[in-house]
Amino acid sequence: MEPRWQLDGTSLAQRIVDLVRPAVSEGAELVALPALLGWGIAGSRLGLPLEAPYGLEALGALELSQPDVGRALRRASEEATDVYCQAAQALGVWLVGGSMPQVSEGDRLYNAAPVVDLGGKVKGWQRQTHLSRVERTWGLSRGEDLSVIETPAGRLGLLLREDVYYPEVGRFLCLLGANVLVHQGSWHTSGQVLIHNNCGENQSLSIGQAEWMSRLWREVQANQVFGLESVLVGGGYRGRATVHAPLEMTSGRDGVLAQAGSDNMDEVLLTELDLQALQAVVDYYPIYDMLNEDMYQRYFPALYERVRE
Amino acid sequence: MNLGMEWLAIGIAQRTLLARVSPGSVRRQLTGKHYPSAPPPDGRRVRLGVVQLEGRLYARLSDYIEQVCQLTRRAVEDGAQLVIFPEDTGSYPLAGLIPGIERLTSGGKGKPPSEAVREGSAPVLFLFRILAPAASQAHHVAFSTLARSCGAYILAGSTLTLDSARRVYKEVRLYGPDGALLVTQRKTHLFPTEALWGMSHDEVINVIQTPVGVLASPICMDHTYFEPVRIAWLQGAEIIIDPAADAARYEFWAQRRGVWSRVQESPAYGVHALMVGHILGNEFGGRSGVYAPLALSPNGDGVLAQAATGDAEEVFCATVDLEALRAYRRERAPDFNVALYRKYTPQAYMQARAARQNGRRVVA
């Protein structure tokens with residue numbers, strides 16, 4: 001979905017409804033929106049021109065830790081939440097809202113995403129738990145809790161942006177019961193074509209394949225769950241929304257259930273997640289049976305702490 | 001057979017096999033040959049030699065020794081400073097030393113050995129206990145001698161070892177250019193079939209600093225899990241080696257679930273050395289490779305070199321740039337959320353264990 005700095009919440013809600021309604025009419029029960037979508041409202045609150053490049057980079061110049069900026073972001077956060085709730089209710093569908101600012105009681109700023117039920121009620125939140133170096137310089141804080149959120153499409157675990165590169169997050173979420181990982185990604189790319197090919201024996205990976213395989217695909221294979229990767233396109237962002245599954249469940253044995261046809265246009269992917277088929281895969285090849293918890297306890301988390309020192 | 005009789009039988013069989021693999025005869029066979037010399041390491045770039053070994057049963061130890069000798073020489077002739085062999089290099093092929101191995105693995109029920117081995121009706125653990133001392137000794141003497149003869153580091157794949165309680169482990173061994181055994185690594189995550197046989201796993205990941213880089217070598221199934229590789233990485237591993245033997249035909253995507261994925265999470269070079277061929281009717285397949293984080297691979301695909309086939313014996317070499325890796329790791333140092341890990345380790349693992357229904361993970 002293409003991001004824009006929005007004048008107000010109403011126009012964002014309308015864009016979501018217009019884009020998602022066809023999928024709902026075809027039976028979609030849950031829709032995952034892309035990263036950073038909810039930050040769009042913050043742009044006008046903070047006086048950013050509509051034509052300014054979209055992304056946290058533009059906000060980064062505003063010193064997010066300043067009190068007036070914090071107040072504006074808090075209002076934008078409330079408004080974005082309302083947008084998602086209204087859209088979910090209007091559509092009669094569960095929504096994973098695109099991530100948005102969230103300001104805590106202690107005025108700490110997070111990138112966070114809500115899950116909203118079809119009645120327009122927020123059922124859970126997930127804050128981004130790992131930040132890139134540049135995100136840290138913008139004054140973002142990282143979340144320290146993980147949530148598994150029950151929906152009709154499965155038990156969701158959300159990975160926001162950088163979180164997907166840390167396998168700890170996906171593992172914890174799946175150990176806590178998630179059977180669908182949702183990754184909200186956003187990538188500025190140099191325009192390379194992101195094509196999914198069904199690789200034959202002697203075929204090598206394209207750069208685009210390697211990139212998405214190194215993200216949610218990898219998590220899905222390691223944890224034997226479904227994966228929904230929503231992406232921003234346009235405004236300097238490119239990528240293909242993809243629905244992942246364990247290799248054994250996909251016709252090309254490639255781990256891809258569906259993938260967007262383009263990497264730079266609005267599109268909604270519609271896929272059915274067969275949880276019984278997933279259970280069959282887990283029963284046949286139960287990789288969690290071989291987890292070596294005693295070994296992990298021997299090294300974790302102390303080894304991380306030692307490295308940090 | 002009661003337990004006492006079984007151990008008596010194992011003891012007799014062990015001694016009989018050990019007599020067939022005397023260290024002196026292995027050394028004599030390897031002495032007097034011409035060996036290439038591995039270039040001395042400079043600490044910045046390392047040339048890796050990867051052996052994609054055809055697994056077959058050797059009834060004569062001398063044939064096995066000749067084969068691993070030739071493969072080592074081929075790698076070192078191509079400039080390899082560290083030569084890497086796959087999992088089971090020092091076990092399955094040497095099972096051919098056990099007289100009547102095919103009949104014994106049929107489980108006495110006339111089943112094809114491949115089926116009996118897969119379903120666990122073959123007395124695999126019993127046979128491994130018989131084989132372990134001889135296989136371990138032959139493997140050690142052969143690779144220690146080869147490493148010294150070529151002045152190379154050799155990651156000699158795995159062999160079988162027994163602990164004092166007679167538990168059976170797969171154990172990888174690294175030899176230095178003076179022939180010294182530098183470090184061992186036991187498998188920490190068993191393949192379900194190995195668990196079915198009654199093999200044991202360890203709880204330690206060893207990392208060793210050498211002139212050819214900081215090395216770690218979790219084994220095969222270990223690379224299905226991020227944890228052992230993360231443990232190695234957090235201890236400084238720069239080259240993470242996956243000696244593997246997958247009892248399956250090569251599949252492009254399935255293979256990418258292993259060490260290729262792991263070195264994207266824990267940025268390091270990854271080496272996948274695989275066994276191919278057929279042993280006791282079981283097919284082994286895979287395309288060995290040398291991998292890197294995407295940004296450190298010339299084509300952006302995380303692949304530095306790979307075998308041409310997924311089903312034939314090959315030796316190939318690739319040079320990895322340790323300086324480039326170190327610079328990349330400094331620039332892209334991860335920012336771990338230790339508070340988060342503290343909160344969920346081991347609680348999340350325990351919660352998952354508690355949530356199982358009749359021992360089964362429920363995802364539906």
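Is B:Leu280 buried or exposed? The first legend answers this for the predicted model.

**Figure 1. B:Leu280 sits in a loop of chain B with a positive phi.** B:Leu280 is buried, because 20 other C-beta atoms lie within 10 Å. The cut-offs are 20 or more other C-beta atoms within 10 Å for buried, 12 or fewer for exposed, and partly exposed in between, with C-beta atoms placed from the backbone. The loop runs between β9 (269-279) and β10 (282-284) of chain B. Helices (H or I, at least four residues) and strands (E, at least two) are DSSP runs, numbered from the N terminus. Phi of B:Leu280 is near 50 degrees, and the residue is not glycine. Local features need pLDDT of at least 70, side-chain atom pairs count only at pLDDT 80 or more, and totals for chains, interfaces and linings use all residues of this predicted model. Residues are numbered from 1 along each chain as its sequence is written, while chains are lettered from A and ligands numbered from 1 in the order in which they are written.

**Figure 2. B:Ala165 and B:Arg166 lie in the loop between β3 and β4 of chain B.** B:Ala165 is exposed, with 6 other C-beta atoms within 10 Å. B:Arg166 is exposed, with 12 such atoms within 10 Å. Phi of B:Arg166 is positive, near 65 degrees, in a residue other than glycine. From B:Ala165 to B:Trp260 the C-alpha to C-alpha distance is 36 Å, at a sequence separation of 95 residues.

**Figure 3. B:Ile84 belongs to the largest nonpolar core.** Such a core is a set of buried Ala, Val, Leu, Ile, Met, Phe, Trp, Tyr and Cys residues joined through C-beta atoms within 7 Å. This one has 204 residues, and B:Leu48, B:Ile84 and B:Leu131 touch the most other members. Helix α6 (residues 124-150) of chain B gives the most to this core, 15 residues. Beyond its neighbours within four places in sequence, B:Ile84 has contacts that include B:Leu48, B:Val50, B:Leu155, B:Ile241 and B:Val271. Contact means C-beta atoms, placed from the backbone, within 7 Å.

**Figure 4. Helices α2 and α6 of chain B cross.** The axes of α2(B) (residues 23-30) and α6(B) come within 9 Å, at roughly 30 degrees. That angle makes α2(B) roughly parallel to α6(B). Angles under 35 degrees count as roughly parallel, over 145 as roughly antiparallel, 65 to 115 as roughly perpendicular and the rest as oblique. Axes are lines fitted to C-alpha atoms, for helices over the stretch in contact, and angles run from 0 to 180 degrees between N-to-C directions. From α2(B), the contact uses B:Pro23, B:Val26, B:Arg27 and B:Leu30. Partners on α6(B) include B:Gln137, B:Val141 and B:Leu146. The contact residues divide into 7 nonpolar, 3 polar and 1 charged. Ala, Val, Leu, Ile, Met, Phe, Trp, Tyr, Cys and Pro count as nonpolar, Asp, Glu, Lys and Arg as charged, and the others, Gly among them, as polar.

**Figure 5. Chain B meets chain A.** Here 51 residues of chain B are in contact with 58 residues of chain A. Helix α12(B) supplies the largest share of the chain B side, 7 residues. By class, that side has 27 nonpolar, 12 polar and 12 charged residues.

Figure 6. A:Pro301 lies between α9 (293-299) and α10 (302-308) of chain A, in a loop. B:Pro346 is in the loop between α12 and α13 of chain B.

Key:
Contact = placed C-beta atoms within 7 Å.
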